[in-house]
Amino acid sequence: MKKLNTIGKSKKKIDALSLATGSAKFTDDFEIKNSLFVSFLYSPHAHAEIKSIDDKDAKLMEGVIDVLHYQNVKKQKLHTTAGQGYPEPSPYDTVMFDKKMRFVGDRVAVVIAESKKIADDAVKKIKVEYDILEAVFDSEKALEKNAPRIHGEDRYMPIPVKYEPERNLAAEVEIGFGDMAKGEKEADFIIEKKYSTHYASHAAIEPHSVASFFDEMGRLVIVTSTQVPFHVRRIVSKVLDYPLSKIRIIKPRIGGGFGGKQEVFLEPISALITIKYKRPVKIILSREEVFESSRTRHPMKVKLKTAVKNSGEITALSLEALLNTGAYGSHALTIVSNAGSKVLPFFNKVKNIHFLGQSAYTNLPIGGAYRGYGATQGYFALNQQIDIITRKLDLDILEYIKKNHIRTGETSEVFKALGEGTEGVTQVIHSCEMDQCIDKGAKAIDWYKKRDKRIEPKKDKVRGVGIGFSMQGSGIPLIDMGSASMKMNDDGSFNLYIGATDIGTGSDTILAQIVAEVLGIELDKVIVLSSDTDLTPFDVGAYASSTTYVSGTAVKKCADKIKDQILKVASQMLESDIENLAVGNTKVTDTKNNKSVSLAEVGEYSLYTKDQFQIQASASYVPKLSPPPFIAQFAEVEIDKKTGKIRIVKFVSAVDCGVALNPKLAEGQIEGAAVNGICYALTEEYKFSKTGKLTNKTFSDYKIWTANDMPEMETIIAESDEETGPFGAKSVGEIGINGPLPAIANAIYDAVGVRLYHAPFTAEKIYEEINRIK
Amino acid sequence: MKGKFIINGKEKYLNFEADERLVITLRNNGFTEVKNGCMEGECGACMILLDDKAVHSCQVLTASVQGKKILTVKGIGDLHIPHVIQKSFVEAGAVQCGFCTPGFVVATYALLKSNQNPTETEIKKAIDGNLCRCTGYVKIIDGIKNASKTIQKERE
């Protein structure tokens, strides 16, 4: 392979120092003079209809500008808050203010005031009378006949897919191929198990934040903590029927997203207030509001049936996934689809497959995009089932996975059959280092010395190891689009304008590295401006593990075009044939006679000397494929047999991310995702009262780990070369969160012989199961 | 109310409400490097040094600390003259979204002031009051170890 200068190097993140010194600005850090503030009133009931709202006392208060609710916000448009490609594959079931309340935390009204304190005081003075309706919280019960109906007849899907709100069905997708009955007949035994995963919060440390104001030209500017600036512009324009050309979205630094900021539920309110009262406004959610009223990870129930020969061959596989989408159907179709589309291709030799994905409306908080996006839930089931099968047949699970996983040059019928809720795209795997992931990961955890050994380091403490394998994707083929534009300056530096949305991942840095590599320059010669809808070209935003692969390819195409223009100018300057010219070391050199001109000289010449023009280019990219990254994750756990208390001793992730453009940033993605997944497996869980009220909406009651809770972590990059990706790269923003849940469950079984089908794995559950099987 | 504070080595007179928390006062007066992530004393994004002690400024009533010394992350080092800790965080890849980073830098500064050569366990304890959702703490711990090494070398 060609020696690379910038790619593959752990370059410092270009915004890191400004963040570490506190000078980088997040949404709430912008000083906006004369700003209004808001306070929301939320429904205390899980299912109710508003009988009356009395806002007189609130409006009477000094400093209160107005109170908005369904009675005074007219002509509201149904929409989805899911910031997805257009038309969105999510039901149009949401308005800004509704008469009907569908969960505890649903929005009743907003008070607009001169200060946050006044708004908070005024909101307490609003009197609301409700007609309380019967509520339903369980996804299976919600789909039963006679279950209370949550959404009305006006709700609809903007794309032609199954949607039946009359029976609380927010989405349904079914595929199958081969012959299930024949497959089951060929098998020696059948294993059918039910698994379930739970509600969780993204818990980005920066709460959802938005500020809006009119600029001096009268255009509406929205500064917002978002993963999807261009979708925000479109959705705000459509919801408010306000010209898109008059809206500018600016994405400042974003304090983490993980899917939670792929939702457009505050920007329309903020824009409405600025338009209506001609004043700037800031909306910053409290931590409690983030927990209860923003978005969550959808709980999922998975029924997994595998027909298996004594050789281990799976002759038929049926996966039925039921998503609890909560009160609204944001991502309800696509997440449940992903439990099939990202999971079933892994064992592509299975000839007979059935997949049914359904999403049910309930009266609980709203689900949404969350790192892993359905694959996390699906792999929880598949990984445990493979552990069960290989244990029953006394097979080495690692060898079993290595023998059966999809490989380079192979395909799966699932790719074509199932995409984003509709048909997918035929794909062949161009790179897969799953075997290397398994071998290196197993070595790091010392698998064969620990598996089935039930080592007891101390009295009553027993250890076990488990694996969680998975694949994800790199963007959404034929749907996602990234683009870039560039110009060259007279000192040989370049401006790079990208719609790609750095939410803390480091995408500004790796995209700049791509430019630096193509043009043979240092990273500091690339000036990055990202995600300002007035200044940068379009990009769908930061989701679906798309940025490195999709936006990265757009950037590379753009830089290639710039390079062509540079070579043309240089050939004029050097009087050389273009074919003899090469860029590198910040200059263009004629390889025949070694004469060269610096890039600064080229820049200056193009702008000031002869046949002047601006060296500039733009490029877009829509991927035909979504090359999956692969990962093998290993947990070693220690369980106190007396109490069920669990401790993670060590956690290993070995990932195939293609070529790691910036190894430290790639590792950072995996480490962060893995710890998020470990907390999800052990401590993070929404707890509800019998009436559907979230009871643990603070960080003291909803436990995410601190450094002090951390086990030994090891992250291994098992590089492959993805020929379709920019410099061989695939995307790895999500995949690291899939393994912890099953790896820990499998390790618990290895240690104490109990199988936990229902996450999270609390000490109480482990204790109960240990005692049950005694 | 109006009160005097010594912020990053300079006297400042700030306006604040009687029941206001220090994080709000600081942010309202332009010290936006102090972040606000939870208002419950759990996430640590608002961490500052108050008379040389690391505290969650969301748990401090402004009125109760008039006249005291406050050090924010910008007082430790800024973009032009960054502190070793900040440079080490950058080198280690400890900064992802960076919203929690000011708090971690403050906690690290407090640690290394009292203990120049902390063990990994001491490091983990020192940043137990700070949450990070992006990094999984691995590279933050690396950054603190590197900062400690650099500071010791500089002393030699």
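1. Is the crossing of α10(A) and α19(A) left-handed or right-handed? In this predicted model, the two helices make a right-handed crossing.

2. Two packed helices are described by the angle between their axes and the distance between the axes. Here helix α10 of chain A covers residues 375-392 and helix α19 of chain A covers residues 740-752; they pack at an angle of about 30°, and their axes are 8 Å apart. Angles under 35 degrees count as roughly parallel, and α10(A) and α19(A) are therefore roughly parallel to each other.

3. The residues at this contact can be listed from each side. α10(A) contributes A:Thr376, A:Tyr379, A:Phe380, A:Asn383, A:Gln384 and A:Asp387. They meet A:Leu741, A:Pro742, A:Ala745, A:Asn746 and A:Tyr749 of α19(A). Sorted by class, the contact of α10(A) with α19(A) has 6 nonpolar, 4 polar and 1 charged residues.

4. As for the chain that holds this pair, chain A has 20 helices and 29 strands. Contacts in chain A with a separation of 6 or more are made, for 80% of them, by residues 24 or more positions apart.

5. On overall dimensions, the C-alpha trace of chain A spans about 85 × 75 × 50 Å along its principal axes. A compact globule with 774 residues would have a radius of gyration near 28 Å, and the 27 Å of chain A agrees with this.

6. On burial, 60% of the 774 residues of chain A count as buried.

Key
Residues numbered from 1 in each chain as written. Chains lettered and ligands numbered in written order. Predicted model: local features only at pLDDT ≥ 70, side-chain atom pairs only at ≥ 80, totals over all residues. Axes fitted to C-alpha atoms, helices over the stretch in contact; angles between N-to-C directions. Helix = DSSP H or I, 4+ residues; strand = E, 2+ residues; numbered from the N terminus. Parallel < 35°, antiparallel > 145°, perpendicular 65-115°, else oblique. Left-handed = near helix turned anticlockwise from the far one by under 90°. Contact = placed C-beta atoms within 7 Å. Nonpolar A, V, L, I, M, F, W, Y, C, P; charged D, E, K, R; others polar. Rg over C-alpha atoms; globule rule 2.2 N^0.38 Å. Buried ≥ 20, exposed ≤ 12 C-beta atoms within 10 Å, placed from the backbone.
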